[in-house]
Amino acid sequence: MGRKIFFIGPLGAEAKMVSGDSLKNLHLTRQLEKLSVHLTIVDTNACRKSFWKTISSIFSVVTHRKSKFIVSASTRGAYIILQLLRFFKIKDVIYWVVGGDVPHQMDCGFVSKAPYRNARIILVEGERMKESLNISGLNNVMRLPNFKHITSIPQKKPRSSDAPVRFVFLSRITEDKGCTYINRAAEKLNEKGLAHLFSIDYYGSIAEEYKEKFQKEIDLIPNIAYKGFLNLLQTDNYAVLAGYDAMLFPTFFYGEGFAGIFIDAFISGLPVIASDWSLNGEIIKNGKTGWIVPNRNVDELANTMERVIRHPEQAWEMGQACQAQCMEYDTDHVVTPSLLKQLGLLTPQS
């Protein structure tokens with residue numbers, strides 16, 4: 001029997017899964033266990049809620065210093081965990097990065113390099129991140145894209161030529177995900193007399209500090225609606241998403257990496273109008289699987305939305321390209337036995 005393998009990161013109840021790191025970890029732990037990597041899971045969500053759970057988890061880690069450790073969490077939480085593992089002189093650490101702000105945090109001096117150097121390998125979601133960390137002197141970095149378990153691809157039905165274009169936003173609803181910019185773009189389009197030609201639906205949990213402002217904004221725009229939470233762990237809901245024409249994602253969230261909703265969009269055949277932010281331009285191929293627009297630019301966002309409204313057949317064709325590409329991000333394609341052998345999580349004979 002090999003050494004114990006600890007998995008440290010946030011998980012949670014599937015029905016209430018709203019954070020990208022929890023969702024990624026759900027797909028990752030399922031795949032690891034499917035490939036016979038037997039994990040001892042330390043759920044940091046549970047630790048935050050229970051002092052004794054935190055103490056017992058730390059005790060378990062300290063008494064198994066020669067074990068292997070996988071850390072998968074957003075930057076701030078992961079940094080604390082990596083510091084702790086370094087303090088206890090634990091070396092066999094794989095840092096499975098969630099999000100895209102590690103290079104920025106390091107460049108600004110908010111985090112030191114030492115805990116990252118201590119990791120045996122760092123898996124980042126994009127080439128730009130890998131290059132930035134290499135420039136910072138970290139040579140233990142490997143690029144691995146985000147992934148999801150894809151069970152089926154919904155059929156994208158041809159759209160009626162006279163139907164309004166349906167845009168969708170699917171993420172946590174906050175100011176820094178670009179929601180206010182979407183609403184302003186919609187107002188501009190409505191002022192041009194296009195209100196009857198498009199609609200925008202929002203899905204996701206609304207940040208408490210943004211709730212009042214968001215509700216006031218959409219109450220004034222007749223062709224925008226909030227639709228609640230779309231649970232894509234229930235795979236039938238991908239058919240709901242496939243009923244839209246394009247996805248909106250003008251984010252400027254500091255922690256953005258390879259957003260999992262891009263994979264959801266590809267599965268559902270939706271080209272994405274995304275901001276030129278973080279890794280978006282690596283994932284969305286401008287003019288092929290979506291459009292990259294300047295960051296925090298209402299006019300360009302509105303112009304691109306208008307292009308889709310006036311030529312929806314282009315969006316439908318691009319949606320076909322999205323679905324053709326989506327299996328590149330299936331868990332079975334990304335987290336493979338050969339990768340796990342390379343990472344030392346499976347023996348060569350497995």
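This is a predicted model: local features need pLDDT of at least 70, side-chain atom pairs count only at pLDDT 80 or more; totals for chains, interfaces and linings use all residues.
View 1. R296 has a positive phi of about 55° although it is not a glycine, and with a relative accessibility of 46% it counts as partly exposed. K89 has a positive phi of about 60°, again without being a glycine, and its place is the loop between α4 (75-87) and β4 (93-96). The relative accessible area of K89 is 66%, and because the limit for an exposed residue is over 50%, K89 is classed as exposed.

**View 2. The salt bridge between E125 and K24.** E125 forms a salt bridge with K24, in which the closest N and O atoms are 2.8 Å apart. The pair links distant parts of the chain, since E125 lies in the loop between β5 (121-124) and α7 (127-135), whereas K24 belongs to helix α1 (residues 20-34), 101 residues apart. E125 is buried, with a relative accessible area of 3%, and K24, at 4% relative accessibility, also counts as buried.

**View 3. The salt bridge between R310 and E306 in helix α13.** R310 forms a salt bridge with E306, the closest N and O atoms being 2.8 Å apart. Both residues lie in helix α13, where a spacing of four residues places them about one turn of the helix apart. R310 is partly exposed, with a relative accessible area of 48%, whereas E306, at 12% relative accessibility, counts as buried.

**View 4. The salt bridge between E208 and K211.** E208 and K211 form a salt bridge whose closest N and O atoms are 3.4 Å apart. E208 is exposed, with a relative accessible area of 58%, while K211 is partly exposed, with a relative accessible area of 35%.

**View 5. The network of K68, D92 and R120.** K68, D92 and R120 are linked to one another in a network of salt bridges. A search of the whole structure finds 14 salt bridges.

View 6. I55 is placed in helix α3 (residues 51-62), and its relative accessible area of 37% makes it partly exposed. Patches are made of residues with over 30% relative accessible area, and I55, at 37%, therefore meets that cut-off.

Note on methods
Residues are numbered from 1 along each chain as its sequence is written. Side-chain values use heavy atoms; hydrogens and water are left out. Helices (H or I, at least four residues) and strands (E, at least two) are DSSP runs, numbered from the N terminus. Buried means under 20% relative accessible area, exposed over 50%, partly exposed in between (1.4 Å probe, protein chains only). A salt bridge is a side-chain nitrogen of Lys or Arg within 4 Å of a carboxyl oxygen of Asp or Glu.
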